[in-house]
Amino acid sequence: MSCDVQPVTNLRILKRVAPFGVDRAAWSKELIEDGFRAYEAITAKSAGVFSVGDSITMADVCLLPAVWGAERAGVKVEDFPTIYRVAQRLEEEDAVKRAHWRTQPDTPEEFRVSLV
């Protein structure tokens, strides 16, 4: 996730592929979906409440930002049932709510959400 899927959602990476005539949105979406298919196949066998069993692991820490980026890229995360279920459960965690980019002080007002 953190090496293969998440980087293709970063603007810096997307700007680098633009000179090659690539449709940045389609390219990013395709790479994310490829990575999600692989992650889904693995975690479908290992997941409990979270990606690996019933405790949050580094796999989940890497997964959630990739899911947020995938959503911005137009990936239908629901098409990956284990990823979708785990991400939904992670978003219920207080630490995740506090760390979400929409709750940060420098998030533009129109994108903010309240935790109250």
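## The aromatic pair

There is one aromatic pair in this structure, which is a predicted model. Its partners are Phe36 and Phe80, arranged edge-to-face, with 5.5 Å from centre to centre and 85° between the planes. Phe36 belongs to helix H2, while Phe80 sits in the loop between H3 and H4, so the pair ties together parts that are 44 residues apart in sequence. Both Phe36 and Phe80 are buried.

## H2 against H4

Helix H2 covers residues 24-46, and helix H4 covers residues 81-90. Their axes come within 8 Å and cross at roughly 80°. An angle of 65 to 115 degrees counts as roughly perpendicular, and H2 and H4 are therefore roughly perpendicular to each other.

On the H2 side, the contact is made by Phe36, Tyr39, Glu40, Thr43 and Ala44; on the H4 side, by Pro81, Thr82 and Ile83. Sorted by class, this contact of H2 with H4 has five nonpolar residues, two polar ones and one charged.

## H3 against H4

H4 has a contact with helix H3 (residues 58-72) as well: the two pack at an angle of about 100°, with their axes 10 Å apart. H3 and H4 are therefore roughly perpendicular to each other.

Here Asp60, Leu63, Leu64 and Val67 of H3 meet Ile83, Val86, Ala87 and Leu90 of H4. The contact of H3 with H4 divides into seven nonpolar residues, no polar ones and one charged. Leu64 is worth a visit in the viewer: setting aside neighbours within four places in sequence, Leu64 is in contact with Ala87, Leu90, Glu91 and Val96.

## The nonpolar core

Several of these names come back in the largest nonpolar core, which has 21 residues. Those with the most contacts inside this core are Met1, Ile32, Phe36, Leu63, Leu64, Val67 and Ile83. H2, H3 and H4 are the elements that give two or more residues to the core, and H3 gives the most, with six.

## A closer look at Ser28

Finally, back to H2, where Ser28 lies. Is Ser28 buried or exposed? The cut-off for buried is under 20% relative accessible area; Ser28 has 3%, so Ser28 is buried. Not counting residues up to four places away in sequence, Ser28 touches Val8, Thr9, Leu14 and Ala73.

Methods: Residues are numbered from 1 along each chain as its sequence is written. This is a predicted model: local features need pLDDT of at least 70, side-chain atom pairs count only at pLDDT 80 or more; totals for chains, interfaces and linings use all residues. Side-chain values use heavy atoms; hydrogens and water are left out. Helices (H or I, at least four residues) and strands (E, at least two) are DSSP runs, numbered from the N terminus. Buried means under 20% relative accessible area, exposed over 50%, partly exposed in between (1.4 Å probe, protein chains only). Contact means heavy atoms within 4.5 Å. Axes are lines fitted to C-alpha atoms, for helices over the stretch in contact, and angles run from 0 to 180 degrees between N-to-C directions. Angles under 35 degrees count as roughly parallel, over 145 as roughly antiparallel, 65 to 115 as roughly perpendicular and the rest as oblique. Ala, Val, Leu, Ile, Met, Phe, Trp, Tyr, Cys and Pro count as nonpolar, Asp, Glu, Lys and Arg as charged, and the others, Gly among them, as polar. Rings of Phe, Tyr and Trp (its six-membered ring) pair if their centres lie within 6.5 Å; planes under 30 degrees apart count as stacked, over 60 as edge-to-face and the rest as tilted. A nonpolar core is a set of buried Ala, Val, Leu, Ile, Met, Phe, Trp, Tyr and Cys residues joined through side-chain atoms within 4.5 Å.
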